[in-house]
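Q: I want to learn how to read aromatic contacts in a protein. Where do I start?

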Amino acid sequence: MARRTVNASNAAAVGPYSHATWAGDLLFCSGQTPLDPGTGRLVDGNVAEQTHQCFDNLFQVLGAAGLGSDDVVSVNVYLTDMSDFAHMNEIYRTCFSLPYPARTTIGCASLPLGARIEIGLVAKRS
């Protein structure tokens, strides 16, 4: 079976991977760090600004697949500092409507390019 992938021209990648891969009606989106697709560099600023950029990138990928935030069923958040949880959560809340997708938040030692946050998700085509 050939992989069916999605790549958004306005989202960046820092390695040899696709932005997303279809498996049936499920779209598995690769984790997005807060890269500005115009510059290819990390967004300067606090975790709230970096969270916004991660979701901007992810929603560009969803859009390229014909999906939106209401199609998201699961989100994985990786933080290098769990004291950033509340700030991330404030932004996260604005990105989805009720009922919210399932979510896992994991503290980790480091992320690519020194990012404070990385977010990946799974969405389902209706």
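A: Start with the rule for a pair. Rings of Phe, Tyr and Trp pair if their centres lie within 6.5 Å. Keep in mind that this is a predicted model.

Q: How many aromatic pairs does this rule give?

A: The count is five aromatic pairs.

Q: How do I read the geometry of Phe59 and Phe96?

A: Look at the angle between the planes. Over 60 degrees counts as edge-to-face. The planes of Phe59 and Phe96 stand at 90 degrees, so this pair is edge-to-face. Their ring centres are 6.0 Å apart.

Q: Where in the chain do Phe59 and Phe96 sit?

A: Phe59 is in helix H1, residues 47-64. Phe96 is in the loop between helix H2 (85-95) and strand E7 (102-107).

Q: Is Phe96 buried or exposed?

A: Check the relative accessibility. Under 20% means buried. Phe96 has 8%, so Phe96 counts as buried. Phe59, at 26%, counts as partly exposed.

Q: What kind of pair do Tyr92 and Phe96 make?

A: Their planes are at 50 degrees, so the pair is tilted. The centres lie 5.0 Å apart. Tyr92 is buried too, with a relative accessible area of 5%.

Q: Which residues form the aromatic cluster?

A: Phe55, Phe59, Tyr92 and Phe96 form one cluster.

Q: Which residue lies over the face of Tyr92?

A: That is Arg103, at 4.4 Å from the ring centre. Arg125 lies over the face of Trp22, at 4.0 Å from the centre of that ring.

Conventions: Residues are numbered from 1 along each chain as its sequence is written. This is a predicted model: local features need pLDDT of at least 70, side-chain atom pairs count only at pLDDT 80 or more; totals for chains, interfaces and linings use all residues. Side-chain values use heavy atoms; hydrogens and water are left out. Rings of Phe, Tyr and Trp (its six-membered ring) pair if their centres lie within 6.5 Å; planes under 30 degrees apart count as stacked, over 60 as edge-to-face and the rest as tilted. Helices (H or I, at least four residues) and strands (E, at least two) are DSSP runs, numbered from the N terminus. Buried means under 20% relative accessible area, exposed over 50%, partly exposed in between (1.4 Å probe, protein chains only). A charge sits over a ring if NZ of Lys or CZ of Arg is within 6 Å of the ring centre and within 35 degrees of the ring normal.
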